Amino acid sequence: MKSLIKISVIFVVLITMTSCRKDTAPNYQFMPNMYAPISYETYGESTAFANGVEAQLSAEGTISRGHSLFEYENSIEGYTLAKETLKSPLDSTQVNLDNAKVLFEIYCGICHGVKGDGQGNLVKREKILGIPRYDDPARAITEGSIYHTVYYGKNAMGSYANQLSEKERWEVVSYVLKLKADLEK
């Protein structure tokens, strides 16, 4: 009988301890400022800065980490200059064509087709018309012209500078030139 009472007491104590436990939130906050910081609205008013706005422009002349300046302007003259003079800073050992293929299929293949023949899904569904093949002799694409187009966009194609890093853009350029060579065979 004594052992039954002991087991019952232990059982009640265990049930009480587990029923009071809450896993979704800590029981005590020793430093509440660490857990619940004061949040600011990006475009809200604030006394933290002289102009009274939270969102601030970057300092003039700064470049985001991991980016570099692109010296060719977004114009026909800039495109022509890039087409004639711009070369890839990556050599063949730095280009990962498997990664470039994945990036191409994600960003470019929907319009240009996985073979670069201008027969992507949007073209087949007649959502976009007039996508030229990469081996079109009238275009005579080069490393520089492809990079300029990916960076700024051209005609109905928008810029992919925000979606692709500089290295990824050059890898896609290498893959496009590979597709062009495959089509010319």
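Colleague: Which residues do ring pairs link into a cluster?

Modeller: This is a predicted model. In it, a cluster is built from ring pairs among Phe70, Tyr72, Tyr147, Tyr151, Tyr152 and Trp170.

Colleague: How many aromatic pairs are there by this rule?

Modeller: The count is 10 aromatic pairs. One of them is formed by Phe70 and Tyr152, with 5.7 Å from centre to centre and 50 degrees between the planes, a tilted pair. This pair links distant parts of the chain, since Phe70 is in the loop between α2 (32–35) and α3 (76–85), while Tyr152 is in helix α7 (residues 143–152), 82 residues apart.

Colleague: Is Phe70 buried or exposed?

Modeller: Phe70 counts as buried because its relative accessibility is 17%, and the cut-off for buried is under 20%. Tyr152, at 23% relative accessibility, counts as partly exposed.

Colleague: Which residue lies over the face of Tyr79?

Modeller: That is Lys154, at 3.6 Å from the ring centre of Tyr79.

Colleague: How do I read charged side chains?

Modeller: The general idea is that side chains of opposite charge can pair when their charged atoms come close. In this structure, a search of the whole model finds six salt bridges. One of them joins the side chains of Lys167 and Glu171, at 2.9 Å from N to O.

Colleague: Where do Lys167 and Glu171 lie?

Modeller: Both are in helix α8 (residues 166–184), four residues apart, which is about one turn of the helix. Lys167 is partly exposed, with a relative accessible area of 41%, whereas Glu171 is buried, at 1%.

Colleague: Which side chains does Asp182 meet in salt bridges?

Modeller: Asp182 meets Lys178 at 3.0 Å, N to O, and Lys185 at 3.8 Å, N to O. Asp182 and Lys178 are separated by about one helical turn because they are four residues apart in helix α8. Asp182 is partly exposed, with a relative accessible area of 35%. Lys178 is also partly exposed, at 35%, and Lys185 counts as exposed, at 81% relative accessibility.

Colleague: How many disulfides does a search of the whole structure find?

Modeller: The search finds zero disulfides.

Key. Residues are numbered from 1 along each chain as its sequence is written. This is a predicted model: local features need pLDDT of at least 70, side-chain atom pairs count only at pLDDT 80 or more; totals for chains, interfaces and linings use all residues. Side-chain values use heavy atoms; hydrogens and water are left out. Rings of Phe, Tyr and Trp (its six-membered ring) pair if their centres lie within 6.5 Å; planes under 30 degrees apart count as stacked, over 60 as edge-to-face and the rest as tilted. Helices (H or I, at least four residues) and strands (E, at least two) are DSSP runs, numbered from the N terminus. Buried means under 20% relative accessible area, exposed over 50%, partly exposed in between (1.4 Å probe, protein chains only). A charge sits over a ring if NZ of Lys or CZ of Arg is within 6 Å of the ring centre and within 35 degrees of the ring normal. A disulfide is a pair of cysteine sulfur atoms within 2.5 Å. A salt bridge is a side-chain nitrogen of Lys or Arg within 4 Å of a carboxyl oxygen of Asp or Glu.
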